[in-house]
Amino acid sequence: MQKRTIFSGAAVLLSASLWLMSQPALAHAHLKSSQPAENAEVDASPQTLSLSFTEEVEPAFSGVTLLDSQQQKVAIGKAQLDAGQHSRLILPLNAPLAAGDYQVNWHVLSVDGHKTQGSYRFRVK
Ligand SMILES: [Cu+2]
């Protein structure tokens, strides 16, 4: 009798957790902040781009492209996860950025398996 109660309790817990796992997560990885920030005007070229998301992301399935004001792709390093903060991607720049407007296009896969993407701009004075 007691064994049976424990078993059905475990079954309820299991089905409850399966139900929770099947629910779509409410929060996907949205861009929380960046360096340089969206629409920022910086005095000098940054050394890296850094993008912080609302959830942890998978760097192998995430990427960032940088476009200059002519919509030409600027060569940058591969997105790396911040070792201390798995919701932050860091991208080294291969060379200092010339003065001008830049557009950052990002796409990420969050650890909950959802893809999101977006873009923002900043200016180097
Ligand atoms: Cu999600």
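**A buried glutamate**

E55 is buried (under 20% relative accessible area, with a 1.4 Å probe and protein chains only), yet E55 has no salt bridge, and the nearest side chain of opposite charge, K32, is 11 Å away. A salt bridge here is a side-chain nitrogen of Lys or Arg within 4 Å of a carboxyl oxygen of Asp or Glu; Lys and Arg count as positive, Asp and Glu as negative, while His and the chain ends are not counted.

The model is predicted, so local features need pLDDT of at least 70 and side-chain atom pairs pLDDT 80 or more, whereas totals for chains, interfaces and linings use all residues. Residues are numbered from 1 along each chain as its sequence is written, and side-chain values use heavy atoms, with hydrogens and water left out.

E55 sits in the loop between β3 (48-53) and β4; strands are DSSP runs (E, at least two residues), numbered from the N terminus. A polar atom of the E55 side chain lies 3.4 Å from the backbone nitrogen of H28. Beyond its neighbours within four places in sequence, E55 is in contact (heavy atoms within 4.5 Å) with A27, H28, A29, S87, S110 and D112.

Strand β4 (residues 63-67) runs antiparallel to strand β8 (residues 100-109), and five bridges join them; strands pair if DSSP finds at least two bridges between them. Within this pairing, T65 stands opposite N105 in β8. Both strands belong to an open sheet of five strands with mixed pairing, in the order β2-β9-β8-β4-β5. Its edge strands, β2 (41-42) and β5 (73-74), each pair on one side only.

Technical notes
Helices (H or I, at least four residues) and strands (E, at least two) are DSSP runs, numbered from the N terminus. Buried means under 20% relative accessible area, exposed over 50%, partly exposed in between (1.4 Å probe, protein chains only). A polar contact is a pair of N or O atoms within 3.5 Å; within protein, one must be able to donate a hydrogen and the other to accept it, and residues adjacent in sequence count only if both atoms are side-chain atoms.
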